[in-house]
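Here is a short note for a colleague who is new to this structure. Please keep the sequence and the 3D view open while reading.

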Amino acid sequence: MRIKDKKWVRIRIYITGICFFLVFCLIFLRAYQLQILKGSQLSSLAKKGYTGKLTLVSQRGTIFDRNGKELALSIEVDSLCCYPKKVKNKKTAATRLARALDLNKREVLKKLHSSRSFAWIKRKVTPEEINRVQKLNITGIDFTKESRRYYPCMETGAHVIGFASQDNKGLEGIELRYNRYLEGQETKFSRIHDALGRSLIFDGPRIEKQDPSNLILTLDKDISYKAQKALREAVRKSRAKSGVCIVMRPQTGEILAMAVVPEFNPNIFWQYQPYEWRNRAITDCFEPGSTQKAFLLAGALEEGVVSPETVLNCEKGEYPIGSYIIHDSKPYGMLKVREILKFSSNIGAIKIGQRLGAERFNYYLKRFGFGEQTGIDFPGERKGILRPIRNMSLVGKNTLYFGQGISVSPLQLAMAFGAIANGGHLMRPYIVKSIVDQRGEAIQNFYPSIIRDVISPETAEKVRGVLEGVVRKDGTAPKAAIKKYSVAGKTGTAQKVDPIRKAYSNKKFVAIFGGFTPSDSPALVILVALDEPKGIPYGGIVAAPVFSDVGCWTLNHLNVTPSFPPAVRRAGQQDLLHPIKRKEKIEILRPDFPGSIPNLIGLGVRDVLKKAKQLGLQVVIKGSGMVVKQVPKPGTPLKKNRSLTVTFQPPA
Amino acid sequence: MNSKRTQMGYSLSQIKKETGQIREYNRKLKLEIASLKSPERLENKAGKEFGLRYPLPQQIVFLP
């Protein structure tokens, strides 16, 4: 029995030992499987659990005007998305969402029923909408941050700036051309987070280079606004189809404003048609008409074939060329070259042209930049049409002198006027002044560049002198004149070609005025073109007032000193000696009459108290800041009043 | 040591988040300023609320 017992104990020990051994084997095998066989796979799985990737869509760069005012700016907004599988009661959810967001219920339902795991419900929602949706408390609805582009100036400069899509890609204008710089790259972080998803450590800092750049434009927001407003008004009044107004600095080629009508609001660009987005100053071409005569004159003076005082026969308004008879709007006899430009005689232009010769004229047109791109940093520029002379008929050659049979873009025309204004240099126009990084340091600057010298400074001076005649009282564009500033320019009223009849239309015109001011030291070149104005279509009537309006305002805005001939200067000083003679009553500054209550509007508390003390009045003061209201009113006799109530308001 | 590091990691990411939010808020304010200062709005406000208008030609005096 004892031996048997001992045996049994040994057996039990063995059994237990084997059991332990087997269990250890099992553990070892499992450990081997986990650590050696699946080790790397599992450790990466674990890493996924506590590290995450954070993708930040960096925002599009800001676009500033020349004075640092924002023209285009991106900010983060919330977008509403859903995870359709998590949404339970889809029908009621759709109804409630549609009501809160002002959407179509059926569309929302369709999105909620979508088989994908993610769907947008509404992108870029307002804070109020977020509030409303949050109150609904539906599971499976979530918000994510997205970047939205805003254009605070709305229509002003819209055609130049262009716009970017919802996905932050530039689609038009500067936004498109400089998309590469404006568009920031997606930056990815890896991070370590805890079980609740809170971030612990960011790995790998952002790389500076990936930050989007900002742009500084040559545009001036205020001038652009003025140009847009004046042009809009002119287009409305003349019932024109479209209009363009370019304001440029002739010495540098900087574009200060480029207004285009029809206009659009880039904040909601999708509500407009593509033809309304088009920057017509660059993409549309028309015949320059009589404005061409300015460049004819420049060529003829440069070659020395005429002088401003040369007298030419204008044939009493009828001049046969081949089988055609060229007419003038009014018959003229003998005219000086100066007067030909002033009255815009077509026959006179032909006479000047015949002295210059078609070949040489064509050469000068090319030198002035017609028939080639201006090289502006803007997408979609067209170069117009300048045909070689050898392909032209006799009539074609002769009508070219007054601007038929050639097509030019408004910008080309503006640049050519710029060449006359700045002493003969054809400049390359540009819109972007510099590209800067987020800290405002320049990455790239753009500088004025001369394409070529077209005419000598002396010739340019003479042309300017002749073009000043155009805005005199008996010229074609007295309405372009600006008070106290000298103006030089040229009108144009170009007939449009009727595409059906293939002939010049008698009803469709382009009214143009191009010029610069002050003509002795030009600060601005302004070109105005109105397409198909109804009623009187003359450039001097429809387009010239826009020139004058925009020019006057801009000269004031830029603090350009008015030009006075010596005689006027003396008269002006006398004017100053007797300023009271003016009939105009200035209401704001009423003089204080003795014995009556003075005008206190606009004064500070101290001044009010001082005045009141002098007059022996008791003052009741309300508020602080500057006086906005006083009782009794200024001018009330003092005798009756011993007290005064004055309301102040802080200046806004 | 390790817990200190974790603690600092937390506060660092919290601060980063806050700066991001403040920056964003700043941008929004800039947008608001830009919209409020848009020439169209200013002109409207000046005209309607304060009764300002552009000077008439005869009200402009040029000083030689």
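Predicted model: local features only at pLDDT ≥ 70, side-chain atom pairs only at ≥ 80, totals over all residues.

1. Aromatic pairs. How many aromatic pairs does a search of the whole structure find? The search finds 15, over all chains. Take A:Tyr332 and A:Phe343. Their ring centres lie 5.3 Å apart and their planes meet at 10°, so this pair is stacked. The cut-off for stacking is under 30 degrees. A:Tyr332 sits in the loop between strand 13 (324–327) and strand 14 (334–336) of chain A, while A:Phe343 belongs to helix 13 (residues 337–343), so the pair ties together parts 11 residues apart in sequence.

2. Burial of that pair. Are these two residues buried or exposed? A:Tyr332 has 14% relative accessibility and counts as buried. A:Phe343 is buried as well, at 19%. The limit for buried is under 20%.

3. An aromatic cluster. Six residues form one aromatic cluster: A:Phe163, A:Phe264, A:Phe269, A:Trp270, A:Tyr272 and A:Trp277. Please find them in the 3D view.

4. Charges over rings. Two lysines deserve a look. The charged end of A:Lys351 sits over the ring of A:Tyr319, 4.9 Å from the ring centre. The charged end of A:Lys226 sits over the ring of B:Tyr54, with 5.7 Å to the ring centre.

5. Salt bridges. Over all chains, the structure holds 26 salt bridges. One of them joins A:Lys122 to A:Glu129, with the closest N and O atoms 2.9 Å apart. A:Lys122 is partly exposed, at 22% relative accessible area. A:Glu129 counts as buried, at 11%.

6. A bridge between two loops. A:Glu183 and A:Lys169 meet in a salt bridge through their side chains, at 2.6 Å from N to O. Where do the partners lie? A:Glu183 is in the loop between helix 8 (179–182) and strand 6 (186–193) of chain A, and A:Lys169 is in the loop between helix 6 (158–161) and helix 7 (173–177), so the bridge ties together parts 14 residues apart in sequence. A:Glu183 is partly exposed, with a relative accessible area of 26%. A:Lys169 is also partly exposed, at 43%.

7. A bridge between a loop and a helix. The side chains of A:Glu263 and A:Arg232 form a salt bridge of 2.7 Å, N to O. This pair links distant parts of the chain, 31 residues apart. A:Glu263 is in the loop between strand 10 (255–261) and helix 10 (274–277) of chain A. A:Arg232 is in helix 9 (residues 221–238). A:Glu263 is buried at 19%, whereas A:Arg232 is partly exposed at 27%.

8. A:Arg66, A:Arg249, A:Glu254 and A:Lys433 are linked in a network of salt bridges. A:Asp220 is buried yet has no salt bridge. Which side chain of opposite charge is nearest to A:Asp220? It is A:Arg66, 5.1 Å away. A salt bridge needs a distance within 4 Å.

9. Surroundings of A:Asp220. This residue lies in the loop between strand 8 (214–217) and helix 9 of chain A. Its side chain makes a polar contact with the side chain of A:His557, at 3.4 Å. Among the residues that A:Asp220 touches are A:Asp65, A:Asn67 and A:Leu256.

10. Cis peptide bonds. Most peptide bonds are trans. The bond from A:Val261 to A:Pro262 is cis, with omega near 5°. A:Pro262 is in the loop between strand 10 and helix 10 of chain A. The bond from A:Thr517 to A:Pro518 is cis too, with omega near -15°. A:Pro518 is in the loop between strand 22 (503–517) and strand 23 (524–531) of chain A.

11. Positive phi. Most residues other than glycine have a negative phi. A:Lys316 has a positive phi of about 55°. The loop between strand 11 (311–313) and strand 12 (318–321) of chain A holds A:Lys316, which is exposed at 63%. A:Asn559 also has a positive phi of about 55°. A:Asn559 is in the loop between helix 20 (544–557) and helix 21 (566–577) of chain A, and is exposed at 68%.

Notes
Residues numbered from 1 in each chain as written. Chains lettered and ligands numbered in written order. Heavy atoms only, no water. Phe/Tyr/Trp six-rings, centres within 6.5 Å; stacked < 30°, edge-to-face > 60°. Helix = DSSP H or I, 4+ residues; strand = E, 2+ residues; numbered from the N terminus. Buried < 20%, exposed > 50% of the residue type's maximum accessible area, 1.4 Å probe, protein only. Lys NZ or Arg CZ within 6 Å of the ring centre and 35° of its normal. Lys, Arg positive; Asp, Glu negative; His and termini not counted. Polar contact = N/O pair within 3.5 Å; in protein donor to acceptor, adjacent residues only side chain to side chain. Contact = heavy atoms within 4.5 Å. Lists of a residue's contacts leave out its neighbours within four places in sequence.
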